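Hello,

Here is the structure for your files. My notes on its helix packing follow below.

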Amino acid sequence: MFKKYVYLFREGKASMRDLLGGKGANLAEMTNIGLPVPPGFTLTTEACNEYYTTGAQFPAGLWEQITPALKVVEEATGKTFGDQKNPLLVSVRSGAKFSMPGMMDTILNLGLNDQTVLGLSNSTQNDRFAYDSYRRFIQMFGNVVLEIEHHFFERILDEAKSKQGVTYDSELSTDSLKQVVEEYKKLIQQKTGKPFPQEPIKQLEQAVLAVFRSWNNDRAIVYRRINAIPDDIGTAVNVQSMVFGNMGNDSGTGVAFTRNPSTGEKALYGEYLMNAQGEDVVAGIRTPQPIKSLEKENKAIYDQFVEISSRLEAHYRDMQDIEFTIEKGRLFFLQTRNGKRTAPAAIRVAVELCREGVISKEEAITRIEPGQLDQLLHRRMDTQAKLEVLAKGLPASPGAASGKIVFDADEAARLGHDGEKVILLRTETTPDDIHGILAAQGILTSRGGMTSHAAVVARHMGKPAVCGCEALRIDYTEHTVAIDGVVYPEGTILSIDGSTGRVIKGAVPMIDPELSEEFKVLLVWADEIRSLRVLANADNPKDAQKARDFGAQGIGLCRTEHMFMDPARIPIVQEMILSQSLAERETALAKLLPMQEGDFYGILKAMAGLPVIIRLLDPPLHEFLPNVEDLVVEITKLKLTGADPEELKDKEVLLRKIRALAELNPMLGHRGCRLGITFPEIYAMQARAIFQASARLVKEGYEIHPEVMIPLVIHVKELEILRKLTEDTAVAVMAEQGVTFAYKVGTMIEVPRAALTADEIGKVADFFSFGTNDLTQTTLGFSRDDAEGKFLPAYLDQKILAQNPFAVIDRDGVGKLMKMAVQLGRSANPEIELGICGEHGGEPSSIEFCHLLGLNYVSCSPFRVPLARLAAAQASASNKGQ
């Protein structure tokens, strides 16, 4: 007995997304709540997985289930598949559990051939419509199933329009369309060596297999990787009876959102085209009309659409993205799904749905993807800047970007990989451009509307986009774009404003973001729900204040080495490092002391009332010294030019000292607390600077909470020695200044031995902070710079690792060490505070793991603080009781 692979729409429901995919589950749900949905059936995701399991074979028993399902659809429509008088035509569409718009394949009008096209013409009394549908089917089937590149068909179509002297496909005559059909069939014979398949059953079988194959096309794989969608869930296939928007001016097709996907405003938002099919709207082949115009064109249809759209939003309790078709004055719904939206829209919709009583606060915070918040936390165009506006299109995805224009997705990807900022400029984008869109700063197209492929994908990725900018005249051969007669070659810097649709010459100044009132409300709700505190990594008063403005509850990592990198201090730091005696070193440290004290004074003052964790000097000393190769070149030049002998002698002495300090592997060498053990005067100076700044602030009436973090500890005795040095310094400063203040001393857990001996280290630590960047490197044996640039991509492609461990905590490896350290540390010191300060502290999955471990806080960059607040709340909401 075969597994059930085929479900009629009436047999499914919304909860069956794993099996029927999102599209199939929603078609079933709409059918069962009585909406006008063309009948059809869904082939399950299990059928797709079986296709791959059996080596790309049609799953056994699948066709035996398709045949009776097709009979049911024939009965419901009164049409027969393959019939020469009244043929049933179907669409074949993909539909995974998670929405992947445009990433997989679709075939429309399937079932047409040289005989059934005559039946379609007779049954509809519309010869032109029949041949328009036939040429569309051959083109889609040829591209998707037979893998003939799209542009070959477009060239034939363009020639037909040119020959007839028309601009749009919809203006082609019946005779022109018949000629296009014949040319398409010749193309297929030429490219494949076989005639276009005339048997509808064979067409259906090949189309199903093509949709299965599209699960693993390049763009789908890239999209899944970007959006962390599993590779093994497969796609469902939906076979649905066709309804036609291209039957004349009383027919049409469109896409609409129940709320504005850019702003979140509660108003119907979308576009439609009369006498068109669905791909015309999303592909940007013609510029569509706003949905509001439908009210004037056909008020009865518009009112019905508004009523059903409201029902769908109420039923799904979220903003919906709806595809619809009007066939000879009758409205049909082809799809509904939770609509993709920008970060501002997501926040506004979530807050307003909560205020409307539709969802709870916990649901509201889970409706926001934390990664989307990056859209709100970066700069936008300076409103005071003088702009040379070249053209204006549709404001398809908000935000602003500047970059070199490129006309090819591959080139955008190449330049983006090299660190160049680019704007991808296309007539219209297609799903094959996904890698270029990912690499670009923004997207600019000359055709297409607010629901075109470029607009939808850009909004989802948080990229600014301007679409339908008809003033652009792109020449792909010459790699140029003409605007009002002026030609701009590839590489010209342009700017786009996705909020207004403006295209601007040159780079544009940007300004810092401002948080909307809805965003602030959402973060207040998040703060009520989360248990993790959110701190920030900040090394100066400006960043500390920015972190505080974004809601940080303290500083979880202040890296003192960044303060040493000031060009004015580098000579003093080098003097300290190259000292030949304790006296020389202390002389240099005495110069650094007031500078460090000023640093800590500013940060502690900016974070008054909140904890500030200051990490003592961590990196290897060679980072502060001149590059050996550069110094050798300089000495060689001095010798060749007969320069001052004293200068040459000084340079040669410096070179010998630097070489004496050189290490084969400095990241595992003389750094971190090892400096404090061998040169305790360095850490004593830093501790004194911290405590003298604290004393000053206490005298001025500020509440301060300094915490000293000792880096790279591997043994409890290291911490004992350096804790005593720190405490002795604090006692001395308090005695000298006549004040008292509380402080803490803790350590970073960033090497496996520290995690394994956390019970011993925990006895003398007030806190642990996991330095997950180094802990990942030392656990995996990876150098981050080498791994990410060389072999890590291969490990991800071959699924040796599921995710980049430097971006997302490796729960099975690094995570086990963290869990062990938490348990051991708390067993030795129940009051110990536990947190994380590596870059993982701002990544949602890693934040959830920290919540599950029971950490007290996460620390991240200032601009990621709102994201971390939201992610921490989502972790609490999603893991109640854990």
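Which residues in H13 meet which residues in H18? Ile 347, Arg 348, Val 351, Cys 354 and Arg 355 in H13 meet Glu 518, Phe 519, Val 521, Leu 522 and Trp 525 in H18. Contact here means heavy atoms within 4.5 Å. By class, that contact divides into 7 nonpolar, no polar and 3 charged residues. (Ala, Val, Leu, Ile, Met, Phe, Trp, Tyr, Cys and Pro count as nonpolar; Asp, Glu, Lys and Arg as charged; the others, Gly among them, as polar.)

Two notes on the source. This is a predicted model: local features need pLDDT of at least 70, side-chain atom pairs count only at pLDDT 80 or more, and totals for chains, interfaces and linings use all residues. Residues are numbered from 1 along each chain as its sequence is written, and side-chain values use heavy atoms, with hydrogens and water left out.

Now the geometry. Helices are DSSP runs (H or I, at least four residues), numbered from the N terminus. Axes are lines fitted to C-alpha atoms over the stretch in contact, and angles run from 0 to 180 degrees between N-to-C directions.

H13 (residues 343–355) and H18 (residues 517–529) have axes that come within 9 Å and cross at roughly 65°. That makes H13 roughly perpendicular to H18 (65 to 115 degrees).

H19 (residues 541–549) and H22 (residues 582–606) come within 8 Å, axis to axis, and cross at roughly 10°. They are therefore roughly parallel to each other (under 35 degrees). Pro 541, Ala 544, Gln 545 and Arg 548 of H19 meet Gly 602, Ile 603 and Ala 606 of H22.

H22 also packs with H21 (residues 570–577), at about 145° with the axes 8 Å apart. From H21, the contact uses Ile 572, Val 573, Glu 575 and Met 576. From H22, the contact residues include Arg 585, Leu 589 and Met 595. The classes are 7 nonpolar, 1 polar and 3 charged.

H22 bends by about 30° at Leu 592, and Pro 594 follows within four residues. (The bend is the angle between axes fitted to the seven residues ending there and the seven starting there.)

Best wishes

Technical notes: Helix = DSSP H or I, 4+ residues; strand = E, 2+ residues; numbered from the N terminus. Parallel < 35°, antiparallel > 145°, perpendicular 65-115°, else oblique.
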